[in-house]
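Let's take a walk through a protein model together. Keep the sequence and the 3D view side by side, and follow along from stop to stop.

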Amino acid sequence: MNGAQSSIHNTHYGIRTVYCLLLTIFFALALAQLTTTSPTFDEGYTLLRGYAALRTGHLVPIGHPPLAHWLSALGVILEPNLPDPRTLDGWAGDQYDDSSSDLMWKRGLNAGRLTFLGRYPILLLGLILGAVTARWAKELFGWEAAMAALALHALSPNLLANAALATTDLPVAAFYVFTLYAWYRFTKKPNTRNAILTGIFLGCALTSKFSALLLGPTLGLLFLLNLFNTRAQKHKGTKNYFLSALVPLCLRGLLILVTAFLTAWATYGFALNPYPLAQYLRELTDLTNLATGGHTAYLLGQLSLKGWWYYHLVVFAVKTPLPLLILLFMTTALIVYSVFRKQYAIRNTQYALANVFLPASLYLLATITIFSLNVGYRYLLPALPLLHILAASVTQHAIRNTRYAILLTLLFIAHAASTLAIAPHFLAYFNEFVGPENGYQVLADSNLDWGQDLPALARALDGRPVYLSYFGQADPAYYGINATRLPGWPPPDDVADFSPADPAPGLYAISASNFVGAQLDQPNTFAYFRNLTPLAVINYSIFVYEVPEREPVTSFAQCAPPILATTTHLLNRQARQLTFDCANSILLPAHPGLILYPEDQTPIIDLGQPAYEWKRSDGTTYYRLYRSSITTRSGQLLITNNQLPITNSKYLSLLNYDLSPEALTLTWLVTEPAPPPVSIFVHFNWPDGALAEAYDALGVPAEYWQAGDIIVQRHPISPDLPPGEYGIRVGLYSLADGKRYSDIPLTSYQK
């Protein structure tokens, strides 16, 4: 071997070493999440369906194509002592939720090992996807781009998160890219072998997830582009164009479609029920109906059944690493420069545009215009390897420009640091625009909290009992969590009594998706905790709070007219119901109570921070609840007397007053209920005792009074009151006969 050959050999050896190292990094990082998390929301269904189909040949209908489930079954089948699927709960009626729960948690199986076995084939598929991504990048842009694309893949938090799960999302991304790569190879060499490979991968993609149906129009458009390109380059001026170009391509295109159909049909066991792929079409119809009927989505503190057209744009912006976004911006600028200046700054720009940029753009555009289910970043995964290839293309300039090389190096280092900083909690990744600690304020569900962190919660609790609101299908008891179940999703069978506006003392663990109300029947169920500082946050996805010992709420007061006919959704107990005039009064019950203020009203005195806020789906506040307690545990009044000695009188004792040019505010203690009807009077008297101005009001009807209540009454002073010095007298009197129960002189008032 001469020197040149030795150098080439060493270079190839070094490249292969880097490839292996990057794939090993991907494997290790994904494995770290795979082995430390509980099954996410949908994984139990995957494990059940794949194993049951492999064992019985019956595909339980769950609204998805089956290929990903077949792949997971290759691992699940290795678990010993698996029960016959036909003996599982709900099997006869295809109740996959009951059957999966029985399989995972009720048969005494090692659920952790079963989950590992189901996830492992998906992880291996993620490795293959990385290798194919690197191979395609090398063919387009050279080995530097191949290593860059593989580095982006190996350190992609979103690919790592989904490669460690037994779901449909990584498989559809893989086969989507495999199909497009096979098509690219077919366009370069349109022979029968490449046509068959393209068809096989297309069939696999279509039976991985319904979002792969977008490959139909994408490949159709690429076919037309290839047809015109072939005509321009190889058959220019040929009179028999249709015979020489169109017919062969159409025949091979037909071969692709036939192969794809047969591949897809094979994943359904070539079933005829009553025609090929009938179940595929039925489940596609079910999904379409689900999307049409609405699915609660959460974005930036708002909830919506219809979702937002820009949902996936926000998801992409906040969950894609910033260095990748910068690289994509640079690539787009170079491509635009190449097209308009016809000076190709990127080698193979035409191939990249036709086979990578166009499919990626079409897919991302479809997430805005077609995909009505606002679920999460996982719906963007098929475009991500394509974007990695495009971003890697800019490495061509690093060879010729040292400054460019330094910039790219810094970007890749920043990308690695951003990903490694959150390892192995990749599902909760958010870039520096938001940060994982603030992720719940922007997104929920599979973007952050998909039920994956029960093991970590169990370690944090260390056996302590907890009130648990869990978003997921896993069994907390399996992980040793001593939980009293609260409302969650799906709703647990044994929900404990729970007062959302006045939770019982104790430790609370609330999944982030439930915390923001993304799927709950009552989205404000856990609004009480939103203004509290959590005791701990488990891997960004579960909030832990401690509610201290305190007297329970026994009364509920609201402005008149009331806006709530019942408070059963707020308090799981009987409470004294009160109303008062919010504009000029307030009632502070003798014992702890809740006071409701609608959005257009504010308390006339400082009640501190609201204990609970009821939010509309658009994030605006409908009403606020304040927790009121006028006494300490020792029974001492919290309202101190700064103005005058407590003035005792029948029914009411004056505790305090505040006089300003605009109003006189009186604070009264109810000593015993007064016989209605009564009212509070305020008299402004001239120095000779003659009445100058009288104010008469009672914002809290006497029917509501109980001994120990405090009534704060605000009496506006008329701006028409003539200037002068006045004496002020206040008191309580009967509206029935005018009898005064109290008549208290206050102070002089100078206007």
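Start at Gln 558, which stands opposite Leu 596 in strand 11. Strands here are DSSP runs (E, at least two residues) and helices are runs too (H or I, at least four residues), numbered from the N terminus. This is a predicted model, where local features need pLDDT of at least 70, side-chain atom pairs count only at pLDDT 80 or more, and totals for chains, interfaces and linings use all residues. Residues are numbered from 1 along each chain as its sequence is written, and side-chain values use heavy atoms, with hydrogens and water left out.

Back to our strand. Strand 8 (residues 555-559) and strand 11 run parallel and are joined by four bridges; two strands count as paired if DSSP finds at least two bridges between them. Strand 11 also pairs with strand 13 (residues 621-628), this time in the antiparallel sense, over six bridges. Look there for Gly 593, which sits opposite Ser 628 in strand 13.

How many residues of strand 11 (residues 593-598) are buried? Six of its six are, so to speak, under cover; buried means under 20% relative accessible area, exposed means over 50%, and partly exposed is in between (1.4 Å probe, protein chains only). In a regular strand, side chains alternate between the two faces of the sheet.

Now hop over to Asn 162, in helix 7 (residues 157-163). Asn 162 counts as buried because its relative accessibility is 5%. Leaving aside neighbours within four places in sequence, Asn 162 is in contact (heavy atoms within 4.5 Å) with Ile 122, Asp 169, Leu 170, Arg 378 and Leu 381.

Four strands form an open sheet in the order 17-16-19-20, with antiparallel pairing. Strand 17 (691-697) and strand 20 (744-750) stand at the edges with a single partner strand each, so one side of each has no neighbour in the sheet. Strand 16 (residues 678-685) pairs with strand 17 over six bridges, and Ile 680 faces Ala 697 in strand 17.

Most residues other than glycine have a negative phi, and most peptide bonds are trans. Asn 539, though, has a positive phi of about 50°, and Tyr 540 has a positive phi of about 70°. Asn 539 lies in the loop between strand 6 (536-538) and strand 7 (542-547), and Tyr 540 lies in the loop between strand 6 and strand 7 too. Buried or partly exposed? Asn 539 is buried, at 18% relative accessible area, whereas Tyr 540 counts as partly exposed because its relative accessibility is 27%.

Where do we find cis peptide bonds? One runs from Asn 273 to Pro 274, with omega near 0°, and Pro 274 lies in the loop between helix 11 (241-267) and helix 12 (278-293). Another runs from Ala 423 to Pro 424, with omega near -5°; Pro 424 is in the loop between helix 18 (402-420) and helix 19 (454-461).
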